[in-house]
There are 2 protein chains.
Amino acid sequence: MTYCVGIKTREGLVMASDSRSNASYDQVNICRKMHTFIDPGERVFVLLTSGSLSCSQSVLTLLRRDFDQGVGLATAGSLYDAARIVGDQVRKVSAMDRQALEQDAYKFNVHILLAGQIRGQPHDLYLIYPQGNPLQATEDSPFLQIGECKYGRPILDRGVRYDQTTLEDAARYALISLDSTMRSNVTVGPPIDLLVYTRNELGISRQRRFTDKDPDLLAINAHWEQALRRAVQELPPVQFDEVETPK
Amino acid sequence: MTYCVGIKTREGLVMASDSRSNASYDQVNICRKMHTFIDPGERVFVLLTSGSLSCSQSVLTLLRRDFDQGVGLATAGSLYDAARIVGDQVRKVSAMDRQALEQDAYKFNVHILLAGQIRGQPHDLYLIYPQGNPLQATEDSPFLQIGECKYGRPILDRGVRYDQTTLEDAARYALISLDSTMRSNVTVGPPIDLLVYTRNELGISRQRRFTDKDPDLLAINAHWEQALRRAVQELPPVQFDEVETPK
């Protein structure tokens, strides 16, 4: 399994991903799911992937080959066009592999988050489905998730707002969302890759990999747990109805 | 869908359930999933149910009929025996309905949480599976969930400890866990039923139903969201690695 989240706010973008890959319960590996395509000052794309590693690797390989040859993502006119280019490669890999996978009851389940900006255009965030079609993050729904989404969602629902959340806070929400998921589900695991992109930066200056023993991550966790418990204790007391016990 | 949670601490038990029942997306009803069996001063059982309403109703009807006739749960010698009695009725309903359901591709998916105490015995908490076998809550895993479990789990993982959590705090954790789930998933909905049982009480004195407009629940939610946001803002800042942007 996998858990990746992308957040779009007025100020920019936050992307975060776990690194666990498991072929089955007894074959667990570490694998980076965050991939960047950068033409400094011109365009930045950050991709997070979930689903069969073999298939998502193929999509990335095809995208990288085109980018390095100055086509594909290198010439996309907008983030929407970029999402379509990613979707086209997803479809290409689907055409190559889906039938063989389904023959053995595997699913073609590649999901991709694409965030970034092209010079002169707004920064944006998309989810590309295994069918290749793109979904855009909106001001009302400013974050998108792929993989094991449920554990990490409530903290985002409570906290993340397009207009109000600073990028620094969005990064903390993403970290807590990732960490909460890792804690409840062994198929999502460290290291955590975190990237913060400020709009119009057109490069990448803030990126960090947290191992599970990273002292900063441990400190954030310890602070967070203490704050949560204090917050629970400071909630208004729960009042109860009068219950008549049957005689 | 459904979400129910039971918490066992040294001091007692907390049970909480939502009330949404949906036969499909366009047939949504309210339905109480919390059921009590009380012989004051002697024995108390609280059951929470998930799965096909038709099947869980049948299980409850059979359990109630026996209890009212002074057999079944009315004479169980321990909570383990009570869990086995519940499991037996689950198996009876399975024998009546499973084949017909599976013929039309429905699943027999009744899950039940059973909490309570019998005089002279410790209070306890069990989950009974659709196959009828029981799972006991332990000091290491002091809460059990059924239905749509994932959204509401991280807050419990972070906060609930068998030895340290007071019943008042456990009730707040249960409320937040329920509310977080309702917020992220429309198949889980109000009212919330909450029950707090203090060990050796052998009766029920603290029970409450919260509608979605309940002023106390709204106040707890507002406090909670404010506290969470403050807690996020007070976390240590995230430091980033120096990234060399390619020239």
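## Cavities

In this predicted model, the second largest cavity has a lining made up of Leu13(B), Val14(B), Met15(B), Val44(B), Val46(B), Ala115(B), Gly116(B), Leu195(B) and Tyr197(B). A cavity here is a set of points, on a 1 Å grid over the protein atoms alone, where a 1.4 Å probe fits but cannot get out, and lining residues have an atom within 4 Å of a point. The volume of the second largest cavity is about 40 Å³, a volume being the space filled by probe spheres set on the grid points, which are joined across faces, edges and corners. Strand S2 (12–17), strand S6 (43–50), strand S7 (111–118) and strand S11 (192–198) of chain B each contribute at least two residues to this lining, and S2(B) contributes the most, with three residues. Helices (H or I, at least four residues) and strands (E, at least two) are DSSP runs, numbered from the N terminus. By class, the lining of the second largest cavity comprises eight nonpolar residues, one polar and no charged, where Ala, Val, Leu, Ile, Met, Phe, Trp, Tyr, Cys and Pro count as nonpolar, Asp, Glu, Lys and Arg as charged, and the others, Gly among them, as polar.

The elements that give two or more residues to the lining of the largest cavity come from both chains, namely helix H3 (153–159), helix H4 (167–184) and helix H5 (215–233) of chain A and helix H3 (153–159), helix H4 (167–184) and helix H5 (215–233) of chain B. The lining of the largest cavity has 12 nonpolar, three polar and two charged residues.

## Chain relation and interface

The same surface serves both copies, since 100% of the contact residues of chain B recur in chain A.

The contact (heavy atoms within 4.5 Å) takes 54 residues from chain B and 54 residues from chain A. The size of an interface is often given as the accessible area lost when the parts come together. Between chain B and chain A about 5,300 Å² is buried, of which carbon and sulfur atoms give 60%; buried area is the accessible area (1.4 Å probe) that two parts lose on being put together, summed over both. On the side of chain B, Arg158(B), Arg172(B) and Phe240(B) lose the most area to chain A, together 16% of what that side buries.

## Individual residues

Arg153(A) lies in helix H3 of chain A and, at 29% relative accessibility, is partly exposed; buried means under 20% relative accessible area, exposed over 50%, and partly exposed in between (1.4 Å probe, protein chains only). Leaving aside residues up to four places away in sequence, Arg153(A) touches Phe143(A), Gln145(A), Tyr151(B) and Ser184(B). The C-alpha atoms of Arg153(A) and Leu178(A) are 9.5 Å apart, with the two residues 25 apart along the chain. In chain B, Ser56(B) belongs to helix H1 (residues 53–68) and is buried, with a relative accessible area of 4%. Ser56(B) touches Thr49(B), Gly51(B) and Val110(B), residues up to four places away in sequence not being counted.

## Backbone geometry

Most residues other than glycine have a negative phi, and most peptide bonds are trans. A cis peptide bond joins Pro190(A) to Pro191(A), with omega about -5°, and Pro191(A) is in the loop between H4 and strand S11 (192–198) of chain A. The bond from Pro190(B) to Pro191(B) is likewise cis, with omega near -5°, and Pro191(B) is in the loop between H4 and S11 of chain B.

Asn200(A) has a positive phi, near 70°; Asn200(A) lies in the loop between S11 and strand S12 (206–210) of chain A and is exposed, at 55% relative accessibility. Leu202(B) also has a positive phi, near 50°; Leu202(B) is placed in the loop between S11 and strand S12 (206–210) of chain B, but is buried, at 9% relative accessibility.

## Conventions

Residues are numbered from 1 along each chain as its sequence is written, and chains are lettered from A and ligands numbered from 1 in the order in which they are written. As the model is predicted, local features need pLDDT of at least 70 and side-chain atom pairs count only at pLDDT 80 or more, while totals for chains, interfaces and linings use all residues; side-chain values use heavy atoms, with hydrogens and water left out.

Technical notes. On a 1 Å grid over the protein atoms alone, a cavity is a set of points where a 1.4 Å probe fits but cannot get out, and a pocket is an open set with protein on both sides within 12 Å along at least five of seven lines; lining residues have an atom within 4 Å of a point.
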